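Please look over the sequence and the structure before reading on.

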Amino acid sequence: MRNILTLAILAASVSGAWAQIGNPAFMGADTRMQKPGDPAPNQTNNSDRVFARLVAAGGAAEVDFAHMSADRASAESVKNFAQRMVKDHDAANHELAQLADTAKIPLPEGLLPDQEAMKAKLNDLQGHDYDVAYMAGQITDHQRTAHLLEWEITGGEDANLQQFAMKTLPIVLEHLQLAQKIHAELTDASGGIR
Amino acid sequence: MRTTLKLSLWFALPVSTAILIGIPALSDPLPPDLTYRPLPTMPFSDAKSIDEAQKRAVMERQQAMLRQRYDLADKPIDGTMMSGGRKPVQGGVRVKLPEGTTWEDLSNLTPTEIRDRNLLPSGFKPLPHVKQSAGGQVFPQAQIDAIARLEQRDLRRFDVDFDLPDHLTPEFPPPIFLTTHPELGDVSRGEVLSIRNFYEIMNGLITPVQMEGLRLLLTPFPQEEFNQTEDRKVAQQSLGVACLDCHANFHTNAAFHQTPDVRPQSARFRLDTTSLRGVFNQQIHGSKRSLRSVEDFTQFEQRTAYFNGDHVSATRKGANLPDRTNQVAMMAQMQNIIDLPPAPKLDPFGRLDPALATEQELAGEKVFMGKGRCADCHVPQTNFMDNNMHDLKLERFYRIGEVTNDFVALPDGPIKTFTLRGIKDSPPYLHDGRLLTLADTVEFFNLVLGVKLDQKEKDDLVAYLLAL
């Protein structure tokens, strides 16, 4: 599993070998540039900042829910999934925190309101119901995260954050597919499995 | 009225309760510019000079990607010209194989093996736009020159150029064939139809209704990159773009764009202009939208800033709302008399006439109808289409989410079956133009459909496609 992940990160960074190029019309008038159209390092725009904050909050919640699920989930597949979330997201969260720190973006602390609500809901559930609700929540979370990563790739300006988005996206999509598969197995549905 | 009111009250009650209960669980929506186009923030002249300074790097990045994926050389097939006799058809497989593999090796692997070993030729993957972050329509030089000459209208963008070499695009100007005058053959006089010359060229050949439709199809209207606001990519305030700027002479000049149907921006795939030849036979229009009539398509394109799926932005730039009965119908009727190029070897069933076809073409037809399974979707009797959309599930073969030049490769999903009539005239192939020759399409479908054709069968199939 670990190997697949490292390989994947390698492949992703290779295919992103050509630097990203934004649309200058949508950049701030005061953007510092190292070359025309190429924002100076650690220069952020609003998309970068919203992106970093939302993805950081999502990542932290992922780990939080995953720890909770490692104890409370019943199905083996859900437990394994939760473990993988801890491992993958811990690393990604750490990297994002560093990038945000370099770019001077303050990150939110604690859970966002919708994550609190999800946690409260999960707290009330047990056994199979817990598993299904956790996996359903994971599907939505990974869908949202994938969209935010896609948004950052053309919407952001901080090259570090954009690189982060590029290499994280395939992994998040893999998590999404895995979550869909497990959810479908738990519910006897085939929704989303291609 | 009374009952409707009562009914709606009745229904409103549980709904609003549900909303009330729902509130605490609702999350913030994602930021608005995942869906909506933001307004420019950089002054136009600054953005323009940055774009101009960056253009070379943009084009070099694109060329590097193209060279890595394809053999772009000028290698015409001996003695095979497009229908107007103006441009040779290019031959050979142009998609590059990963080091150390052969097409045969690949066809013996399962999709999962190809994906896990990262062996899908990158030329089979979705093709990025020249500049994903800006997107928008990009015209080939020949079209830019023709419109500059005929109308003194500027179709040149200051941020990007067209990216494919000229020999890999359709002949220009394309011939025009009319269903109403098959006896005349090409009526284009070797000219590009424009608002300055259409009347002279078409007077006497078409009806007043068709003529008015043609005039509208040649009238430029402002849209996303060519307009009068600061949100544009053309130097001067522009009159805009006409339908036939892309569908040159109702065919295609390979101008490309991005799909209107997908957001966010990085996920919008490239769209190669489709030919309008034979559009009279199509029941569904657009690779994804499946609009049900030429009328709907025509009316809608102008409403949403031509291929941006964005009526909001279009409204700011000057949307055109053609009148359904007085204008749209006429535009549609003009499009509906554009015929496919002659295929003298086909009989009325769309099958080869053995008296006229070569041995190799006949062998190719056999593969097409049989082992290759092409006719499962490209049905000869219905113009080599099935008026359906199909999901070829190419993502079985590669890892989704990889980013190339700011473009995220995601599953294509269902795409409509394109006609194969006159197919040699309309490179590049597939909805995004990712395949450069017919030989490429044969390798592509051989792999995707898993039909395991041998080299002779592939060559025969290409010979057959050239006869359509």
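Is A:N42 buried, partly exposed or exposed? The model is a predicted one, and in it A:N42 has a relative accessible area of 29%. Buried would require under 20% and exposed over 50%, so A:N42 counts as partly exposed. A:N42 sits in the loop that runs between β2 (38–39) and α2 (46–72) of chain A. Its phi is near 65 degrees, a positive value in a residue that is not glycine.

Chain A has another residue of this kind, A:K104, with phi near 60 degrees, again positive in a residue other than glycine. A:K104 belongs to the loop between α3 (76–102) and α4 (113–123) of chain A. Its relative accessibility is 72%, and the cut-off for exposed is over 50%, so A:K104 is classed as exposed.

|---|---|---|
| B:F172 and B:P173 | about -5 degrees | B:P173: between α5 (141–151) and α6 (198–202) of chain B |
| B:R263 and B:P264 | about -5 degrees | B:P264: between β3 (256–258) and β4 (270–272) of chain B |

The domain assignment divides chain B into domain 1 (76–129 + 345–466) and domain 2 (136–335). Taken over C-alpha atoms, the centres of domain 1 of chain B and domain 2 of chain B are 26 Å apart.

How many residues of domain 1 of chain B are in contact with domain 2 of chain B? There are 35, and they touch 42 residues of domain 2 of chain B. Between them, the two domains bury about 3000 Å², with 56% of that area on carbon and sulfur atoms. Of the area that domain 1 of chain B buries against domain 2 of chain B, 24% is supplied by B:R86, B:K87 and B:H129, more than by any other three residues.

B:R86 also forms a salt bridge with B:D186, in which the closest N and O atoms are 3.6 Å apart. The count of salt bridges between domain 1 of chain B and domain 2 of chain B is three. Across the interface of these domains, 20 residue pairs are in polar contact, both residues being at pLDDT 80 or more. On the side of domain 1 of chain B that touches domain 2 of chain B, β7 (407–408) and β8 (415–416) of chain B each supply at least two residues. By class, that side has 15 nonpolar, 12 polar and eight charged residues.

Conventions. Residues are numbered from 1 along each chain as its sequence is written. Chains are lettered from A and ligands numbered from 1 in the order in which they are written. This is a predicted model: local features need pLDDT of at least 70, side-chain atom pairs count only at pLDDT 80 or more; totals for chains, interfaces and linings use all residues. Side-chain values use heavy atoms; hydrogens and water are left out. Domain bounds come from an automatic or database domain assignment. Contact means heavy atoms within 4.5 Å. Buried area is the accessible area (1.4 Å probe) that two parts lose on being put together, summed over both. A salt bridge is a side-chain nitrogen of Lys or Arg within 4 Å of a carboxyl oxygen of Asp or Glu. A polar contact is a pair of N or O atoms within 3.5 Å; within protein, one must be able to donate a hydrogen and the other to accept it, and residues adjacent in sequence count only if both atoms are side-chain atoms. Helices (H or I, at least four residues) and strands (E, at least two) are DSSP runs, numbered from the N terminus. Ala, Val, Leu, Ile, Met, Phe, Trp, Tyr, Cys and Pro count as nonpolar, Asp, Glu, Lys and Arg as charged, and the others, Gly among them, as polar. Buried means under 20% relative accessible area, exposed over 50%, partly exposed in between (1.4 Å probe, protein chains only).
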